[in-house]
Amino acid sequence: GAESSRRRASGRRAAARGADLEHAIDLTFEEALHGTTRDVALTGGESPTSREVVRFRVPPGVADGQRIRVREKGHDGPGGRGDLMILCRVRPHAYFRRDGRDIFLDLPLTFAEATLGARIEIPTPDGATVIKVPPGTGSGTKLRLRGRGVRGGPTGEPGDMYAVVRIAPPTELSPRARELLELLDRELHERPRENLGWPT
């Protein structure tokens, strides 16, 4: 009996499954973020001349370079078909960036908006929203929108979105604007490098 079991196990190992098949797809940032359904036309599955259209689901939150396994849609073999491996290539977005489960957006502000504070409408992957900029916000500050990042994945917990402040100084000044800025500089009398310990 034991010898018979060994022969059966050896036979199953000998009947190898067919090789896996890899296929690359391009996704927009939004498709990768929210998920989508795609069709791919495959040849050489059950026979070298066969053509098969396979529909599969791209789950929400898929990352650039991630692979999705579609079982038994690869090459045929004595022990059954291999799997289809979908390689996801996510195209860069015009203004969103992704780092893990977090999304980043550069937020240009004028000097007045950063100094006095403001309410600014910004885009998010789920639509526009208004973010509050506290008075005295410095360049590089990350304003957090909790739960507005990438959803899906093993835990299902969403990441966050961050609006990264970039103070945009004016590129052209009228004589009057220059005079007012010089007056403001003298009035504020700020010394941002005073306590940095730089040699003088």
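The model is predicted: local features need pLDDT of at least 70 and side-chain atom pairs count only at pLDDT 80 or more, whereas totals for chains, interfaces and linings use all residues. Residues are numbered from 1 along each chain as its sequence is written, and side-chain values use heavy atoms, with hydrogens and water left out.

The structure holds 14 salt bridges. One of them joins Arg-17 to Asp-83, with the closest N and O atoms 3.0 Å apart. This pair links distant parts of the chain, 66 residues apart: Arg-17 lies in the loop between helix H1 (2-14) and E1, and Asp-83 in the loop between E4 and E5. Helices (H or I, at least four residues) and strands (E, at least two) are DSSP runs, numbered from the N terminus. Arg-17 counts as partly exposed because its relative accessibility is 45%, whereas Asp-83, at 3%, counts as buried. A further salt bridge is formed by Asp-160 and Arg-144, whose closest N and O atoms are 2.7 Å apart. Here too the pair links distant parts of the chain, with Asp-160 in the loop between E10 and E11 and Arg-144 in strand E10, 16 residues apart. Asp-160 is buried, with a relative accessible area of 9%, while Arg-144 is partly exposed at 43%. Salt bridges that share partners join Arg-17, Arg-69, Arg-71 and Asp-83 into one network.

Strands E1, E5 and E4 form an open sheet in that order, with mixed pairing; two strands pair if DSSP finds at least two bridges between them. The edge strands, each pairing on one side only, are E1 (21-27) and E4 (67-70). From one strand to the next the twist averages 25°, where axes are lines fitted to C-alpha atoms, for helices over the stretch in contact, and angles run from 0 to 180 degrees between N-to-C directions. Seven bridges connect E1 with E5 (residues 84-90) in the parallel sense, and Leu-84 in E5 is the bridge partner of Leu-21.

Strand E11 (161-167) is mostly covered, five of its seven residues being buried. Strand E7 (residues 102-109) runs parallel to E11 and is joined to it by seven bridges, with Leu-107 opposite Val-165 in E11. Strand E10 (residues 142-145) pairs with E11 in the antiparallel sense over four bridges, and Lys-142 stands opposite Val-164 in E11.

A nonpolar surface patch comprises Phe-111, Ile-167, Leu-173, Leu-181, Leu-184 and Leu-188, with about 470 Å² of accessible area together. Patches are made of residues with over 30% relative accessible area and no salt bridge, like charges being joined within 9 Å and nonpolar side chains (Val, Leu, Ile, Met, Phe, Trp, Tyr) within 5 Å. Accessible areas come from the Shrake-Rupley method with a 1.4 Å probe; for residues, only the protein chains shown count as cover. Helix H4 (residues 175-188) supplies the largest share of the patch, three residues. Leu-173 lies in the loop between E11 and H4 and, at 36% relative accessibility, counts as partly exposed.

Technical notes. Salt bridge = Lys/Arg side-chain N within 4 Å of Asp/Glu carboxyl O. Buried < 20%, exposed > 50% of the residue type's maximum accessible area, 1.4 Å probe, protein only.
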